[in-house]
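Subject: Structure handover

Hello,

Here is the structure for you to look through. My notes on it follow below.

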Amino acid sequence: MKLAASLHRRFVVDDVSYVYATGSAAVLRLDDVSTSLLDAFAVEGGRNLAEWESDNADADDLVDRKATLDQMVAMGLVRPAGETAPPASKLPPMPFPLATLVLNVTNKCNLSCTYCYEYGEDRIADSTRADGTVKAPMMSAETACQSVDFLFESAAARRDVTITFFGGETLLNFGTIKAAVEHAEERARAEDKLVGFSLTTNATLLTDEVVDFLVSHRFGVNVSIDGDQKTHDRHRTFKSGRGSYEMIVPRIKGFIARNKAADGRPIGARVTLTAGMTGVCEIYAHLHGELGFDEVGFAPVTSAKENDYALSDENYWQILDEFAALAEDYVVAAAEDRPHGFSNLNDVLRELHQGINKAHPCGAGLGLLGVSTEGELGLCHRFVESGEHEVGNVATGLDEEKRREFLEAGHISTKVACHECFARPLCSGGCYHEAYVRYEDATKPNLHYCEWIRAWTDLGLRTYGRIMNANPGYMARFEDRRAAAVAAAHEPIENTAPAGTEPTL
Ligand code: SF4
Ligand code: SF4
């Protein structure tokens with residue numbers, strides 16, 4: 001029999017060797033024996049096992065070598081030569097129980113941010129009905145409660161469900177949010193389920209009443225804010241052109257203080273990175289250190305190249321350099337067992353530690369759906385009101401056949417270009433919405449950004465290795481799979497390897 005090393009990524013940090021086995025998504029520490037075995041089987045076409053045994057027959061540690069080889073086979077790092085590595089094309093049992101519903105409670109906003117996708121080329125939603133009339137800009141309380149009922153019924157036996165409110169500016173429709181929360185809590189009590197809430201806001205409408213409500217219902221809140229006043233006000237303005245920083249900062253500070261006093265869930269800042277605004281470390285220092293956000297997440301703007309705020313390729317690499325610098329800060333904190341609020345890195349470390357191996361890039365269409373203001377169901381919040389991707393209505397139910405067709409087409413087994421990529425377990429082809437905007441096909445892999453994704457995954461792996469060397473106990477915080485699933489908007493967790501870095505091979 002011939003054996004060959006399967007797809008993997010090797011890296012050395014602080015003189016310790018690691019390997020990331022793509023097939024099983026396990027991070028393994030290598031010792032001298034496993035390093036030499038990996039070298040022996042990482043040859044074109046593989047190596048004959050009998051031949052290897054006879055070459056090693058005189059070795060004093062042959063028993064050890066064979067045992068290590070068996071472990072490497074068990075971990076999927078060494079496999080029969082010629083065997084295909086990508087996961088088989090199969091969906092979990094359908095209908096898959098829903099976990100998260102994202103309610104687009106309004107399409108309206110009281111700000112006029114220059115890069116907003118709601119008004120940009122990336123918007124694929126169409127708010128016009130077949131008869132030419134315009135759809136409701138605000139979700140009614142009745143539709144919101146109907147959506148809650150739909151979620152509870154579609155969740156079947158699943159105990160945890162999450163409702164996320166999205167916009168426009170979500171708090172413009174606070175009345176509907178309150179009605180939905182009240183109704184969801186009633187149903188949760190009656191059915192012994194746990195319901196969680198989250199919301200994204202621009203913070204302009206964070207009044208005392210709103211803050212009390214968010215804190216008392218333990219909302220997970222993400223505030224859209226781009227940095228200090230100069231940075232933030234460049235794009236996040238009112239229609240008059242006036243920046244919104246001055247107005248939101250006192251409200252944010254009040255909210256954070258009130259939330260901390262009540263021991264509420266972490267409050268996150270969501271930063272949109274644009275041309276000329278790629279100073280991640282400085283932005284982090286301001287938002288975390290000065291304003292007190294628990295977590296800060298960074299998202300590059302999605303935009304046509306012609307826009308003056310669009311990120312150039314050079315900007316993307318500057319962002320990666322900044323991410324690397326912030327990862328240094330993270331490693332220092334982790335070595336001292338202090339949590340760090342760089343949420344992009346927290347997400348990657350959690351996925352690496354849990355051995356996440358995605359068959360789909362995210363939960364869209366599987367555990368997660370979006371709902372439009374009029375109750376139409378979309379694959380996620382960015383696909384609502386896109387006729388092509390409509391998968392039913394909260395009043396009439398989910399179109400299971402269309403859902404299944406989409407999930408089969410978007411499965412990693414169909415993305416042949418990704419099969420030889422070591423970053424596949426975490427990326428799995430990337431965001432469907434971005435793929436649709438780029439290639440007019442949501443199920444295509446986002447091959448335009450592979451180099452960057454691989455470099456970012458590599459940074460995540462190295463950071464993981466450094467923390468495992470310095471303070472392995474730090475990773476325990478990522479071991480609660482239930483909390484992680486909630487945080488990740490109930491992404492499907494399939495084909496998972498055993499959690500964590502395995503003992504030295
Ligand atoms: S889209 Fe690119 S980076 Fe992502 S898994 Fe596919 S080949 Fe790898
Ligand atoms: S990653 Fe893309 S497709 Fe998935 S939920 Fe987010 S926006 Fe939607």
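Three strands make up an open sheet, ordered β5-β1-β6, with antiparallel pairing. Because β5 (47-48) and β6 (78-80) are at the edges with a single partner strand each, one side of each has no neighbour in the sheet. Strands (E, at least two residues) and helices (H or I, at least four) are DSSP runs numbered from the N terminus, and two strands pair if DSSP finds at least two bridges between them.

The model is predicted: local features need pLDDT of at least 70 and side-chain atom pairs count only at pLDDT 80 or more, while totals for chains, interfaces and linings use all residues. Residues are numbered from 1 along each chain as its sequence is written, and chains are lettered from A and ligands numbered from 1 in the order in which they are written.

Strand β1 (residues 2-5) is joined to β6 by three bridges, and the two run antiparallel. Within this pair, Ala 5 is opposite Val 78 of β6.

Further along, β14 (residues 376-378) pairs with β15 (residues 390-393) in the antiparallel sense over two bridges. Here Glu 376 faces Asn 393 of β15. Two bridges also connect β15 to β16 (residues 397-398), again antiparallel, and Asn 393 has Gly 397 of β16 as its bridge partner. Three residues lie between β15 and β16, which form a hairpin.

Which residues are around ligand 2? They are Cys 362, Ala 364, Cys 380, Arg 382, Cys 431, Tyr 432 and His 433, where a residue counts if its C-beta atom, placed from the backbone, lies within 6 Å of the ligand.

Regards
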